[in-house]
Each structure stands twice: as C-alpha cells, then as structure tokens.
Amino acid sequence: MGPAGASAAAELARAGLSVLGLEWKAMPRYKVCGGALSARMDKILEPDYHGVVEDTIHRVRFQFAGAETFEISSPEPMAYMVMRDRFDAYLCGKALEAGAEVRENERVVKVRECTDRVEVETERERYWAKVVVGADGANSVVARALFAGRRGTMLGALEGEVPWSGASSCLAAGTIVLDLGVVKGGYGWVFPKERRLSVGVAGLQGRHRNPRSAYQGFVRAEPALGGLEVPDGLGHPIPLYGGKVAEQHPLTTSRSLLVGDAAHLVDPVLGEGIYYAVLSGRLAARTTVDYLKMLTPDLRAYDAQVVKEFYSEFRTAARMAWTLYTFPRLAHEALRRRPDILHLYADILKGRETYQSFYANARARAKESFAQLLGSP
C-alpha cells in the first residue's frame, strides 16, 4: 500500500469495486527513501496532501565533490519533501475513505493465476480475486510469480536520516543539495525535512562496487552536514527503467498488472519513482475497471498507456542520463555556464515540460550557444 498500490486501490474503490489491499507492515511504517516529490504532483493529487509535506523546495545547490558550487532558484516550488511513513499513510487513508479494505501485517508469499481467478496467499490467509495489481515494490512477488522472464535494471542507493534543527546546518530553508562528483554514475543528495535531513547517494549508471564507501565519503565532506552526527546509510534498490529490452515484456497478463517500482517505472535521470507510481496505479485501476465491466476484452490497454505516458519519456531521459553520468564533470561545468537549461529542466518537475520537449529545446539552445561561440550570425 505504497503510492502505486494505494492509488490503485482508491481508484478501484471509487468505481464501486470490491478492493482488498495487502500491506506487509502496520501503517504508518518507515520506508528508506529520499522522499522528494516533483511539484507536478500537484496536478494528480488532491491539495490536502500538502498536510504531510515537510519542506517546499525553491532552490537547488549543485556541486561537484563538495566544490564548484552554484545554485538555481525558482519563485514557484520545484519539489516537495515528505517522510514516506506519513505520505504513504495519507494515500492509504484515501483508499480506505473510498471504500477499500486494507489488511496490515500480511506479507504475500505466493501468487497463482488461474483461468477464472487469481489466488493470493499471505502468511495468514488465502484470497481469490478476479484481478491482482502487483504494487509490491522492487522485489515484487507478483512479478516473480506471474511474469516469467521479466528482468529489469536494478541499481542501488544508500540513505540516512540526520536529526537537525535549521540552526544546526548551513543549508538554507527550501534548499536541496545535488552533487555529481561523489559516486560514479550517480549523485549524492541532501534533502531537508522538518526535523531531519535525508542524505544519500544513488548509482544510476553502471555497476557500483562499494556504494557504502561513496556514502561515507560524501557525508564526511558535505558542508551542510558539518557538525552533525550522520548514521550509517540503509540500502534500498532502485528499479530503473530498463530500456527497449524491458519494453518488450508486457506489464499485464490475463488477470494481473504491474505498477510503480514493481514495473520498473523509475526515471533514469534522478531516480524519481513516486510520481510515476501514483500515475501508473491510477492507469492500471482504470484499465481494470473497464475490463471488469466488459468494456475491453483484456488488460492490454494498460500496456499501451505505459508506452505512451512513460516509455516515450523514459527513452529520452535515458539518453540524457547517459550523458550526465558518463561525463559528470563536463556536464556540471556546462550546466554551471547555462543555468537556463536547468530552469528549463525544472519545468519538467513542475509539469510544464516533458522530457521530449525539454530535449528538443535544450538541443536548440546548445546549438545556438555553439554558433555564438564560433561567431556565426
């Protein structure tokens, strides 16, 4: 019952279906996560979700290995910071309000698809349903059981929570830190919350032999953490979009759908997954409603929606990520010289630009800069 599962459950219940959500822990429960929501979340969630927002981000400090710092700022929010225990509980509450039933402390251990039903077995009970939505994260039981041969790109992150007060850090209010020079093929971050800083490193390209070493080096050198006691980082997988190979494997069977992290719907540039989790949960629910009301013959409409809404974007994002993380110092310097491109990227986070429109506009601006450099008219 994370963002994908809770969003699907709420949508299904609002359509009048009988919905059971299985959550393997008791809500609210801690979740290792940076907890950054892009501001475009305002377009898909009800306004009252701001009740669990812990900081609103207007400024980003970019740096390379703790140095070569520059900032961009925006009068409008670029992102919101949440703790996942509160945010996920909020979404789960919406599903309950809509009429879904949620059973906590029920870990799913087995899933089997039959001709006329799906059987789901937990550590306590066995259930039968017409459709199952696999919203069970990066290590999805549903994906392993019902989607044989599906393998996605799995990379890793380490994240810790540092108790703090605003006076105990040099990080200004409403500011996050992104550092391209601390982990090969990825970045380090510092995200402010009400009473803590979320700090971590994530690898988004290639393989990382010792991410813990990168994490420890980052927290020792990061100025915003000076004088603070930083705990050891907790690891968590990042189920990135896996490229054209992954696209060949559907996210539906006759009676099941994969959403969110279970479907590897994670942005290759920043590793953002929450926005896509909420959106995919809703799309899967709408397809399920149409199927159960016999408006469509099967669930494959969801696959078509994922291609249109997600994969077309992720293909472009993957090209950008390759450049960013293969040549991080050059990318950092280029962005320092052209903050207008970063402001354009911020419009993706605000929901004004897509990756495809951003890429086209950024390329045009780069060509213009190159022409000016050569003295062309």
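Asn 105 is partly exposed, with a relative accessible area of 39%, and this residue makes a friendly way into the structure above. Please keep in mind that the model is predicted. The protein has 377 residues, and 52% of them count as buried. Its secondary structure comes to ten helices and 17 strands.

**Backbone spots worth a look**

- Asn 105 sits in the loop between β7 (101-103) and β8 (108-113).
- The phi angle of Asn 105 is near 55°, which is a positive value in a residue other than glycine.
- His 264 also has a positive phi, near 60°, and is likewise a residue other than glycine.
- You will find His 264 in the loop between β17 (256-258) and α6.
- His 264 is buried, because its relative accessible area of 10% falls under the 20% cut-off.
- A cis peptide bond runs from Met 27 to Pro 28, with omega near -5°.
- Pro 28 belongs to the loop between β1 (20-22) and β2 (36-38).

**Overall shape**

- For 377 residues, a compact globule would have a radius of gyration near 21 Å, and the protein agrees with this at 21 Å.
- Along the principal axes, the C-alpha atoms fill a box of roughly 65 × 50 × 40 Å.

**The nonpolar cores**

- In soluble globular proteins, nonpolar side chains tend to be buried together.
- Here the largest nonpolar core holds 103 residues, and the members that touch the most others are Met 41, Tyr 49, Phe 87, Leu 265 and Tyr 302.
- Helix α6 (residues 274-292) gives this core its largest share, eleven residues.
- Met 41 is in contact with Tyr 49, Ile 274, Tyr 275 and Val 278, once its neighbours within four places in sequence are left aside.
- Another core, of 18 residues, lies apart from the largest one, and its members include Trp 164, Val 201, Val 219 and Ala 224.

**Surface and charge**

- The protein exposes about 17,400 Å², and carbon and sulfur atoms supply 52% of that area.
- There are 48 positive and 44 negative side chains in the protein.
- The centres of these two sets of charges lie 5 Å apart.

Methods
Residues are numbered from 1 along each chain as its sequence is written. This is a predicted model: local features need pLDDT of at least 70, side-chain atom pairs count only at pLDDT 80 or more; totals for chains, interfaces and linings use all residues. Side-chain values use heavy atoms; hydrogens and water are left out. Helices (H or I, at least four residues) and strands (E, at least two) are DSSP runs, numbered from the N terminus. The radius of gyration is taken over C-alpha atoms; the globule rule is 2.2 Å times the number of residues to the power 0.38. Buried means under 20% relative accessible area, exposed over 50%, partly exposed in between (1.4 Å probe, protein chains only). Accessible areas come from the Shrake-Rupley method with a 1.4 Å probe; for residues, only the protein chains shown count as cover. Lys and Arg count as positive and Asp and Glu as negative; His and the chain ends are not counted. The place of a charge is taken as NZ of Lys, CZ of Arg, CG of Asp or CD of Glu. A nonpolar core is a set of buried Ala, Val, Leu, Ile, Met, Phe, Trp, Tyr and Cys residues joined through side-chain atoms within 4.5 Å. Contact means heavy atoms within 4.5 Å.
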